[in-house]
Amino acid sequence: MTLPSLNLLSQSILSGFFIGGMYGLIGLGLGLSWGLLRQINLAHFGFVFLSAYISYHMASVWGIDPLLTLLILPPVFFCIGVAMQWLLSRFHISPFNSLLVTFGITVMIESLIQYVWTADFRKLQSSYGEEKFTVGGLFVPVPELLTLMLAIFFAFAIWAAMRFTDLGKAMRAMAEDGPIAAAFGINQRLLSFLLSGACVALASVAGVCFALTFTLTPTQIFSWVGVVFAVVMLGGLGSAVGPLVAGIIIGVSEAVAMVLFSPSWAPIVSFSLLILMLLFRPGKA
Amino acid sequence: MSRTIVLGILGAGIALGFLPWLGVPAFYESFLYLLFHWMILAVSWNILSGYTGYFSFGHGAFFGAGIYATAYLAGRAGWPFLATVPAAILVAALLGVVLGAIVFRVSSVRGELFALLTLAVTFVLATVILNTPVDGGPGIYLIGVDIPVLGPSQSASIYMMGLITATLTLLISYWIYASKFGTGLFAIHDDEDVAEVMGVPTYRFKLYALAISCGLAGLAGGIHALFVSYVTVSETFSITVPLSVVLMSILGGSRHWIGPAVGAVLITCLLYYFTSGESAVLGRAAVGFILVVVILFMPAGVLGLVSGWRHNKRVRVAAEAAASAAPVHAAEAAPVARLPARRHIVAEPLLQVRGLSKAFSGVKALNDVTLEVYKGEILGLIGPNGSGKSTFINVVSGHYKPTAGEILFEGQSLAGQDAHRFAQAGIARTYQIPRPFSHMSVLENVAMVGMFGGGGMSRAEALREAQTFIEFAGLSHRAHALPDDLNLHQRKFLELARALAARPKLLLLDEVLSGLTPGEINEAIEMIQRIRDRGTTIVFVEHVMRAVMALTDRIVVLNHGALIAQGDASAVMNEEAVKAAYLGKAHA
């Protein structure tokens, strides 16, 4: 093991923050629906990829600015989320069965993506994609920075909404004890539609960021499941800021492990960290 | 255990064993092998996760441990394949036991946390294997490894190995399902704390289940290494294995021994039929769609549907029988049976509690309580709300470990031991809010306690005995009902029947009368008297003073966690300290 230069180390810590922002952004919607709706929504990953592909298509084929898709896609995906929640609540799906149903939905999305865009690699080419600037000798790629900033913005916006608005308080009450909350006049059905819609809309935001940063291929959908699950559970189910913090912790520890040891050792650091935290600081999630 | 089922599994295994000699194309053997492969993985996953409810996302780790044990030993170290199989089983089981020994000690790691932890272990193991000489990166070839000859061709031999292992896995799964061990696992699934208090050694049982589950996954891995003949980390430890086994088990029905196998067959066939044709992509979409539809309409899985029908039928038959046998009685009150009275002693102490304290981060719920319970008596334990009565029951039943003090039961010290030791020593309790095992019928709830409580009966014996106790509690017409279908009164009596089935020496009754109507209280008082007549010593926690006065031989009063008075009922109630505790001090 050779000690890397300070510059390399700080560059990789920075990139850890950026990937952590991605983890946090994907994990945010997943964790909210898991913690507040008691649904393990595997389709979240499908929606992220679907949104990434659509924004790729809009930008590359129709020539729409990728940032503009950030305004178009969330409302559309909000409706998808409402429709999915209608389906799940109509059949009173239990948490682990929601895993199964949403897995089925994910497989359908994956097939749809493969059918429309084929299994080839796709990369969104845009004016933002390659843009970088330097701060104190460190490279800052613009798309990654955008991802991190959006992740921070949404995490705190949702935190504030949950804490200070009546709607947010009602949602927390519903998550705590649905029937009791309903007895005090909270419209569970409406809230769950809103929440599910918001979570899927968040997935679409994450998808646009994903398209700006990563090369797309449909089979990758499941390769993100493990680490994002870890982020969500480490951050606390139903927490708004938790996934972001956990995402950054895991992202940075991975990045540091990459320069200190070798890239292939990266998972062991983050997951050992996770295991130790679960065993010695339990009760967080 | 039904002999028919065991013979059925064996018979099917033997019949399928003739297949390779019938000249079937090798393709079918490979397809069937894959079917067996998924059956083994799904059924073995279910032995831990379906039976105990500890959902694991780490089955890939144990499977992978088996694959790599075989791949490394056979592919690199040059062992003969058959010698690597025990190693594959052992490595996987050992990994599971070490993990379980740590994880199951931490009581808060349940549900999602357990699922996450096992998932994390998968990634850690994959990284270790990738970066150490076990694999090192390029993967391991097993091309040169000799396949043991079990059939006319190589693919037939692998088919036979899959078949034998699948048969074995199903036998083990059924054996556990139908055994006392399995009953304990199902109890853990429904309510682990109650299971422990009723005498199930939960820690040990979870560890056994995990070891069996992992060992079988390791075995499947060892064979699969030979089948794929080229092993890589990214294929082995992908999310496919843990996700597929969960899906298969839920689809088939995870509370049933054969459910996961059914799910495995369905999903493997679906994938094959829909993705082997020309439009493979649309086929995959169809599989996803079918999964969604099946789960929406059959949330308990395919076999859950079947057991649901059988359950409903049994309940209907029992209700009709009850209606025709006793048309005068309402459905609520079946004839109450009398149990034979036993000896009735009062002299030596059965339970001695010395200096017992229990603190919850600063709050002293019990403070230096010393008391004795004599054989054959009914000791009333009273005090205002928050005085420590329920904590006392929880400590004496072993649910809470005391902060300080001694608990001597028949002269033996129990303090600090696991709750199931208390149950096995002969202490049983009821819960103020009934906590039956929600997926077990009334009969199974009662029988379960007979198996694990002081009686320690076999499963068959306990089921027979349970009938008697259910009759005693007047629930015989609801024997096959699930606890959710009972009303509060019936659930309270189920609690009593359950406590009795443990054949306790000491019975702790925690507010059994609360929430009952005056008529039901009379019934309950009569029943408690009959329990005492059989020689059971009782500690009776209650607010209904009428019942306390009618039943108890002696009274102990707690206030703020401390013992403030004890002795004869009417004398104690007139003590100043007791009046002050209940009514407040007169300041005038």
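This is a predicted model: local features need pLDDT of at least 70, side-chain atom pairs count only at pLDDT 80 or more; totals for chains, interfaces and linings use all residues.
How many Å apart do the C-alpha centres of domain 1 of chain B and domain 2 of chain B lie?

**View 1. Domain 1 and domain 2 of chain B.** The domain assignment of chain B places domain 1 at residues 3-237 and domain 2 at residues 349-583, and the C-alpha centres of these two domains of chain B lie 43 Å apart. Where the two domains touch, 17 residues of domain 1 of chain B are in contact with 22 residues of domain 2 of chain B. On the domain 1 side of this contact, α7 (180-190) and α8 (192-197) of chain B each supply at least two residues, and α7(B) gives the most, with 7 residues. Sorted by class, that side of domain 1 of chain B has 7 nonpolar, 5 polar and 5 charged residues.

**View 2. The side of chain A that touches chain B.** The contact between the chains takes 37 residues from chain A and 35 residues from chain B. On the side of chain A, the elements that give two or more residues are α4 (95-117), α9 (225-235) and α11 (266-280) of chain A, and the largest share, 14 residues, comes from α4(A). By class, this side of chain A has 28 nonpolar and 9 polar residues, and it has no charged residues.

View 3. B:A120 lies in helix α5 of chain B, which spans residues 112-131. Is B:A120 buried or exposed? B:A120 counts as buried because it has 28 C-beta neighbours inside 10 Å, and a residue is called buried if 20 or more other C-beta atoms lie within that distance. Leaving aside residues up to four places away in sequence, B:A120 touches A:A230, A:F271, A:L274 and A:I275. B:A120 and B:V145 are 25 residues apart in sequence, and their C-alpha atoms are 32 Å apart in space.

**View 4. An open sheet of 6 strands in chain B.** The strands of this sheet follow the order β8-β9-β10-β5-β11-β12 in chain B, and their pairing is mixed. The edge strands are β8 (427-429) and β12 (562-567) of chain B, each of which pairs on one side only. Neighbouring strands of the sheet are turned by 20° against each other on average, when direction is ignored.

**View 5. The pairing of β11(B) with β12(B).** Strand β11 of chain B, residues 554-559, pairs with β12(B) in the antiparallel sense over 5 bridges. Within this part of the sheet, B:I555 stands opposite B:G567, a residue of β12(B).

Conventions: Residues are numbered from 1 along each chain as its sequence is written. Chains are lettered from A and ligands numbered from 1 in the order in which they are written. Two strands pair if DSSP finds at least two bridges between them. Helices (H or I, at least four residues) and strands (E, at least two) are DSSP runs, numbered from the N terminus. Axes are lines fitted to C-alpha atoms, for helices over the stretch in contact, and angles run from 0 to 180 degrees between N-to-C directions. Two residues are in contact if their C-beta atoms, placed from the backbone, lie within 7 Å. Ala, Val, Leu, Ile, Met, Phe, Trp, Tyr, Cys and Pro count as nonpolar, Asp, Glu, Lys and Arg as charged, and the others, Gly among them, as polar. A residue is buried if 20 or more other C-beta atoms lie within 10 Å of its own, exposed if 12 or fewer, and partly exposed in between; C-beta atoms are placed from the backbone. Domain bounds come from an automatic or database domain assignment.
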